[in-house]
Amino acid sequence: MNSSSGEIYFFIVVGNAILIGLIGFILYFVFQYRRRKAESIRESQRMEEKFRQTLLQTQLEIQEQTLKTISQEIHDNIGQALTLAKLNLNTMLPVVDEQLQQKILNSKELVGKAIGDLRDLSHSLDTDYVQEMGLQRAIEYEMEMIRKAGTMKAIFQVQGTPYRLNKQKELILFRIVQEAFNNIIKHADAKILKAVITYFPDTLKLEVSDDGKGVDLSPLNETATNFGLGIRNMHKRAQLIGAEFNMNSTLQAGTAITIFLPVETNTDDLKQ
Amino acid sequence: MTIRFLLYLILLVYLFVLGLIRFRKLTLPFQILTVLIGCTLVSEIISRILINIFKNSSPVYHVFNIVNFTGYALIYYFLLQSRLSRKIILLLIAGAVCFSVFNTVFLQSLWSFPSNFLLILCFLNIYCSLLLFRQMLHDNEDIDILRQSVFWFNCAVLLFYTAIFLNWSFYNYLVRNKLNTRTISTIMYYLNIAYYIIVGVSIHINNRKAVPVKR
């Protein structure tokens with residue numbers, strides 16, 4: 001092989017190597033481009049989810065603030081007015097007319113009951129009060145109110161060793177339970193309402209069930225009726241705290257909602 | 001007229017007609033590309049006529065290379081979004097025109113092939129295509145990369161001008177050593193054909209509505 005043909009081979013080899021390198025570069029570019037695009041899609045999904053969560057959080061905060069205001073109004077204004085009415089009734093001089101006297105006594109009882117009921121309602125709406133009591137006691141309190149109403153039997157069970165969650169999560173769980181109770185009272189036509197909290201070491205399971213007429217869950221995916229809206233709210237709330245929300249219902253046999261909340265022992269989830 | 005030259009001309013005519021038919025649907029850079037293909041077609045025909053009359057077609061390339069460079073520079077001017085890159089391209093156009101005149105007057109006369117300018121043109125096109133690849137990596141479009149006309153056009157430019165640059169270097173070496181250059185000329189023809197086929201793909205899939213281009 002003379003020097004000239006050696007140089008020609010060198011040219012050909014170098015030229016081809018450069019072209020193959022460029023083709024490799026283009027393939028690498030396509031790979032990188034697709035990887036970045038996939039990353040960008042994931043990022044926008046994350047942002048969307050974060051935005052949705054923030055929006056939901058804000059909605060819940062506004063709702064809590066409204067409930068707190070209503071609770072204060074009930075306590076400070078209506079409660080105060082009823083207390084004054086009761087005081088007036090108490091300070092009334094005994095009347096001769098026995099029938100009238102009985103009416104006054106009945107009115108005193110009714111006003112007393114109204115004051116008690118309003119106090120209970122005010123407590124269950126008050127965010128601070130619920131957070132101070134904790135989830136378990138707040139649910140007990142709520143069930144006591146249902147028992148007092150006397151329309152259905154309310155059973156509450158606790159399984160496992162109780163622990164406290166962080167206040168925000170407890171409040172959201174409590175609001176879900178309230179919504180569930182509300183649905184049962186308004187729509188289920190039930191005789192028994194049952195709530196069970198099970199404390200697993202790494203999960204909190206909360207179950208609310210009834211023996212009512214049940215509900216057809218299929219339309220929930222299609223239209224947002226008021227009832228569906230309530231269920232969606234419960235679902236959204238559960239999502240907000242990273243809980244799993246399940247709902248099962250059988251017509252004429254009752255409905256059950258179950259919430260599984262993972263508990264991270266190394267974070268501030270747990271408040272003993 | 002050889003079959004491969006005829007094939008090359010037919011391809012240019014097809015692309016030019018395709019570009020004209022889709023002209024309103026094309027984005028501005030691809031409209032410029034269509035005009036440039038028209039200019040290439042005209043230059044190739046004039047070049048053939050000059051070869052038949054004077055046995056030398058170099059004068060055409062002294063003019064056409066400026067048009068070619070300006071065309072590509074404008075295409076990249078509209079494709080690139082960085083202000084700095086755009087300014088550089090405008091300066092390059094002015095510089096290249098000055099150099100071309102200088103080259104024709106002092107370095108390579110009208111009757112010799114303007115290879116100096118062609119090599120610079122190759123370098124600048126490769127540089128612009130790399131800039132565009134960089135920009136594409138940063139600005140992800142919704143459309144799949146293989147459906148983007150800009151991607152195909154840019155690949156064609158990068159590969160074609162690199163190959164042309166290497167070929168011309170090799171060609172000069174062969175001429176200097178008085179060796180046969182026929183194979184290289186044949187390769188250049190096929191490179192041109194391959195290049196215009198890929199450019200054709202890009203013109204075919206380019207759509208004003210699908211590809212947002214800053215103007």
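**Exercise 1.** Which residue is the bridge partner of A:Glu207 in β6(A)?

*Solution.* This is a predicted model: local features need pLDDT of at least 70, side-chain atom pairs count only at pLDDT 80 or more, and totals for chains, interfaces and linings use all residues. Residues are numbered from 1 along each chain as its sequence is written, while chains are lettered from A and ligands numbered from 1 in the order in which they are written. Strands (E, at least two residues) and helices (H or I, at least four) are DSSP runs, numbered from the N terminus. Start with β4 (residues 203-210) of chain A, which runs antiparallel to β6 (residues 254-262) of chain A and is joined to that strand by seven bridges. The partner of A:Glu207 in β6(A) is A:Thr258.

**Exercise 2.** Describe the helices of chain B.

*Solution.* Chain B has seven helices and zero strands. Take α6 (residues 149-176) of chain B: its 28 residues reach 40 Å from first C-alpha to last, close to the 40 Å expected at 1.5 Å a residue. The expected span is 1.5 Å times one less than the number of residues. Just after α6(B), B:Lys178 has a positive phi of about 55 degrees.

Key
Pairing = 2+ DSSP bridges.
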